[in-house]
Amino acid sequence: MGDGAMETAQNSEMTGNDSKMKGSKLILIDLASAAMDELIKMAEPDSHLWIKSPESGNEVLNHNEYERTCSPFNTPKLNGFVTEATRETVLLCTNAAALVEAFLDADRWAEIFPCMIVEAETLEVLSYGIDGTRNGFMQLMHAEIQLPTPLVSIREYSFIRYCKQHAEGKWAVLDVSIDFDRNGPNRNPNMSCKRLPSGCIMEDMPDGLSKITWVDHSQYDESAFHQTCRQLVNSGFAFGAHRWVATLQRHCEALAISQSAKRSMTKLAQRMSDYFWSGVCPSSASKWDILHISNDNMRIMSQKILDASGENPSIVLSAATSVWMPVSRQRVFDFLRDAQMRGEWDVLCNGGSMEEMIHIAKGEEIGNSVSILRADNAAGNKLYLQDSWTDSSDGGDSLFIPLLPSGFSILPDGHSSDGSSSGSDNDNGGCLLTVGLQMVLTSLGSSKLTTESVDTVNDLIACTIQKVKDALGVV
């Protein structure tokens, strides 16, 4: 074949590949558009597609009504798969645009749902939106969703995420799985679920609130989890709209509280620090009266203050001095800010240590924080506000700090004896307790796992569960 013929063949092959790629992209866009139409219909407040579950009280799909819609997504289920569809509506203290930005960023999305999303990533951006806005933004994503129990397999999705603005202050973010062949040669064995048109409608409301309507519509393989958790998963609590919304609500509340607390605490700490510095280095504007004493290394001052009523005057004394210490500044700083070591120098602790009740980081530097401490041995169970900071850093990367977490996960069992919503405070049914423990094998000369180490971990978990049972009176 001549060079010209070869070049023509190569160009033809490239053109064919480009056409195939464009065709695949158009198919995905059409899929997302059809899925968005279905999500909007399913989110309508007066839709007959939803009924109240007699077991949980949550909204679940009316399958008979859904059959009548002739949805293009109402296709035969894969062998062994069942359908789960739930809906939840709440008011949250946030705005729609902020949620849109967070949901379109895989990392931020995972941060909002840390107990649910194990991993999330954007594979490809199909559309960057219209006129530089998020309206029309479309991307391919991959995510792994978990329930904190070893009895339920992680759900793994490859899906399209499509964002559309329907009106001023009203947005929709849609997820829909890319079809896969369960029995195909390239199928991922973890792909035991499929996401039908799901997502949320976000509408700005007065007073800084947003109305969130969350729809979750999935098909999953029942064999992917233990019989003990079957009712929990089937109820929709494990992966349904109720859990997504509850997690989002907790995130928004914690964010609002923490921001308010940070502002209040840091302002209080700043006022405390300013007052402290005024007692060490009084300015011309200070109200301190300097007491003249013979010791040139000591400064003692006084100030009269009134209580909140403006009566009952009191006298405050301030004393300050400076001494040289033959140790590094970092060592002194670490010692003084350590709550466990406070009893070594604070006479008010009566020799005891302090418990750090609240810790608010003020920056990336180690030790830059505001804390509330409680001294167990102090008279009157007093609380202490501690403000500490440093201008130097020890360096190091926090990603390489070893962590050995242990703890519990407490989930409803999916049954409710009083007809209330699963997971509510009034649920008188049972629960699913998960105990997680990690340990370092310091006694081994190598990193190999041994039968003894496995037995040790199992014994520790068994002992922990038994202690919990004994404490709760469980036979």
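These legends accompany an overall view and close-ups of a predicted model.

**View 1. The whole chain in outline.** The chain has 475 residues, of which 35% count as buried. Its secondary structure comprises eight helices and 18 strands. Take the contacts between residues at least 6 apart in sequence: 55% of them join residues at least 24 apart.

**View 2. The buried residues of helix α3.** Helix α3 covers residues 96–103. Buried here are Ala96, Leu99, Val100, Ala102 and Phe103. These residues span an arc of only 165 degrees around the axis, so they sit on the same side of α3.

**View 3. The start of helix α3.** Asn95 and Ala97 meet at this end of α3. The contact runs from side chain to backbone: a side-chain oxygen of Asn95 comes to within 3.3 Å of the backbone nitrogen of Ala97.

View 4. Four side chains are shown: Phe335, Leu336, Met341 and Trp345. Together, Phe335, Leu336, Met341 and Trp345 make a nonpolar surface patch of about 330 Å².

**View 5. Phe335 within its helix.** Phe335 belongs to helix α7, which runs over residues 329–337. The relative accessible area of Phe335 is 32%, so Phe335 is classed as partly exposed. That value lies between the cut-offs of 20% for buried and 50% for exposed. Phe335 is also one of the residues that make the nonpolar patch.

Definitions and conventions:
Residues are numbered from 1 along each chain as its sequence is written. This is a predicted model: local features need pLDDT of at least 70, side-chain atom pairs count only at pLDDT 80 or more; totals for chains, interfaces and linings use all residues. Side-chain values use heavy atoms; hydrogens and water are left out. Patches are made of residues with over 30% relative accessible area and no salt bridge: like charges are joined within 9 Å, nonpolar side chains (Val, Leu, Ile, Met, Phe, Trp, Tyr) within 5 Å. Accessible areas come from the Shrake-Rupley method with a 1.4 Å probe; for residues, only the protein chains shown count as cover. Helices (H or I, at least four residues) and strands (E, at least two) are DSSP runs, numbered from the N terminus. Buried means under 20% relative accessible area, exposed over 50%, partly exposed in between (1.4 Å probe, protein chains only). Contact means heavy atoms within 4.5 Å. The arc is that of the directions from the helix axis to the C-beta atoms. A polar contact is a pair of N or O atoms within 3.5 Å; within protein, one must be able to donate a hydrogen and the other to accept it, and residues adjacent in sequence count only if both atoms are side-chain atoms.
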